[in-house]
Structure formats: C-alpha cells, structure tokens
Amino acid sequence: MTSQTPSDAQHPALSPHGPVLRAVEEAIAGLDYGSIVITVHGARVVQLDVTRRRRFAD
C-alpha cells in the first residue's frame, strides 16, 4: 500500500484518478455548450458521456 503525499494531490498524473481527471478536463476544454455526464459504479468512474450543443445566431 502506498501513501499519497501532499505534493501528489497537486499532480493528477500521480493520482489513481489521473486518467479520469484528464478526460474530464479535456471534455470541458472541448465544449462551448453542452453537458458532461459521469457514471459511477461501486465508487469508481466507469463512463464519461459528452453531449455537444451547437448554437446558431438568429
């Protein structure tokens, strides 16, 4: 068992949640309008759904 040092908390890549956090950040960065749904099973993120909306000027 490894312990997480305070500096690890500042570096998502060192966290076991790093890939999930990166995927959420990328999804947010890629959206102007839309929604992101995170599905959790057994306290673990198992799915990330991104819905993009396109808005048109009148």
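## The hairpin turn

Let's start at the turn: Gly42 takes a positive phi near 60° in the hairpin of β1 and β2, which has two residues between the strands. Strands here are DSSP runs (E, at least two residues), numbered from the N terminus.

This is a predicted model, in which local features need pLDDT of at least 70, side-chain atom pairs count only at pLDDT 80 or more, and totals for chains, interfaces and linings use all residues. Residues are numbered from 1 along each chain as its sequence is written, and side-chain values use heavy atoms, with hydrogens and water left out.

## How the strands pair

Eight bridges join β1 (residues 34–41) to β2 (residues 44–52) in the antiparallel sense; two strands pair if DSSP finds at least two bridges between them. Along this pairing, Val37 stands opposite Asp49 in β2, while Ile38 faces Leu48 in β2.

## A nonpolar surface patch

Ile38 and Leu48 also belong to a nonpolar patch on the surface, together with Val40, Val45 and Val50. Its accessible area is about 350 Å² in total (Shrake-Rupley method, 1.4 Å probe, with only the protein chains shown counting as cover for residues). β1 and β2 are the elements that give two or more residues to this patch, and β2 gives the most, with three.

Val50 lies in strand β2 and is partly exposed, with a relative accessible area of 34% (partly exposed falls between buried, under 20%, and exposed, over 50%). Patch residues need over 30% relative accessible area and no salt bridge, with nonpolar side chains joined within 5 Å and like charges within 9 Å. A salt bridge puts a side-chain nitrogen of Lys or Arg within 4 Å of a carboxyl oxygen of Asp or Glu.

Terms used:
Helix = DSSP H or I, 4+ residues; strand = E, 2+ residues; numbered from the N terminus. Buried < 20%, exposed > 50% of the residue type's maximum accessible area, 1.4 Å probe, protein only.
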